[in-house]
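Trainee: I have a model to go through. Can we take it contact by contact?

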Amino acid sequence: MSMGDLFDKFAPVIAMREGLLASGVTDPFGLVMEKVISPTVAVCNGRETILLGTYNYMGMTFDPDVIDAGKRALDDFGSGTTGSRVLNGTYAGHKAVEAALCEFYGMDHAMVFSTGYQANLGIISTIAGKGDYIVLDIDSHASIWDGCKMGDAEVVPFKHNDIEAMEKRLKRIPEGAGKLVVLEGVYSMMGDIAPLKEMIAIAKANGAMVLVDEAHSMGFIGPNGRGVAEDQGCLEDVDFVIGTFSKSVGTVGGFCVSNHPKFEIMRLVCRPYVFTASLPPSVVATAATSVRKLMHAGNKRAHLWENSRTLHAGLKAKGFQLGTETPQSAIISVIMPDLERGAAMWEALMHEGLYVNLARPPATPAGMTLLRCSLCAEHSAEQVQQIIGMFERAGRAAGILPQG
Amino acid sequence: MDRDAISQRIAELIAPFNKKGVAIADGTTFAGELEFDSLTVMDFVAAIEDEFDIIISMNQQAEIETYGQLVDAVVKLQG
């Protein structure tokens, strides 16, 4: 009998990875961007590549005002805070970005975390405690699941976007128990949106508080880019909006905004907020500038929607199977028959000069392999047409589409 | 419902998920013998919850490995 060790539990993942690489495909999880030219173009493996898997929805990463703000903060405040938000890690810039978020969402309180992952981890694990119930969509992001796991509440999942399944579970919760319903505006694997208006009405009727993760909608869904809840006219019924700076805002960081009158106490009781260093001054300066610019980005929003509709219609017409019947967000998911052919298609796209995300179980629902495309407001109409052509050629080369 | 009646009803609910026709006894394991993956577990738990009008939270599911343990849990949750 051979002696194993603590790594034995990773054997299935190691085998999956070895199997994939044995097929001769380039490692899709080992990509290096050698040079980044713009929000939509980078150099990968020496080749100029169109980026279609970055979540850089509003293309703010190279915005001149954003860059200037970051450089100035770097000069004026240094490279890092070296401290927790509740000790030496709150600078003027941290308060300024929280003020910008309050204005952006029209809410009373904003709390900035070092990443979006930590925002979900911190808020969920802290507000739902022992004896409370968290009712959540089964397709929730890993950060939501990890927040549930870190806390002491009872965790009750329901089938994806199934209003009736959610309601049944809410009604079965013992009387007197605290209830938190956790939803997402856009589900990032398939790019579909949630029927928030109906779900939130039911959550409220059953005495639950509601948390909505709007990571993938901020900046372009809703009249003011506040997300799916704003778009469906139910933002005022959301108790906690979770968001991120690492998508539309174009840097890194996470946040929670809320109108709860006692919200500020979270700064003292939320461990993933307290026991970590705060964001560097340059990051909060770029975030604040970007958030303020996103308040007036109506034209960019309109162009991003055009891009999303064009790509969806184009890929559908070429014969690809997509995650949604109609374009619902800036994510268009292309369903692959299996991981091996998904990786082959991913590599064929890289050869064409196109980067998309290869997503595989357990991150994906129903064990699917997906090529996830996220569009940017800075993709030109010509780039989108180029992308459709690349998909068609790669699809034939990889045997996803019938030979032409 | 007494334990026998609950056990019989759960056995009926397992049938559509029991693709290999494994014989069900109190000691039968879901992950090992029935080879339930996480997706199957989700659908199966939802079916049990709806049938008995109960919640089996993820926390409780973590304690249930065998058919007998599930029957006991449902008996208890039914009160």
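Trainee: How many residues of chain A are in contact with chain B?
Mentor: First, the ground rules. This is a predicted model, where local features need pLDDT of at least 70, side-chain atom pairs count only at pLDDT 80 or more, and totals for chains, interfaces and linings use all residues. Residues are numbered from 1 along each chain as its sequence is written, and chains are lettered from A and ligands numbered from 1 in the order in which they are written. Contact means C-beta atoms, placed from the backbone, within 7 Å; chain B gives 10 residues and chain A gives 13.

Trainee: Which elements of chain A give two or more residues to that side?
Mentor: Elements are DSSP runs, numbered from the N terminus: helices (H or I, at least four residues) and strands (E, at least two). On the side of chain A that touches chain B, they are β6 (154-158) and α6 (163-172).

Trainee: How far apart are the centres of domain 1 and domain 2 of chain A?
Mentor: The bounds come from an automatic or database domain assignment. Domain 1 of chain A spans 24-58 + 297-397, and domain 2 spans 63-294. Taken over C-alpha atoms, their centres are separated by 26 Å.

Trainee: Which element gives the most to the side of domain 1 of chain A that touches domain 2?
Mentor: Here 20 residues of domain 1 of chain A contact 20 of domain 2. α12 (298-318) and β13 (331-336) of chain A each give two or more residues to the domain 1 side. The most, 3 residues, come from β13(A).

Methods. Contact = placed C-beta atoms within 7 Å.
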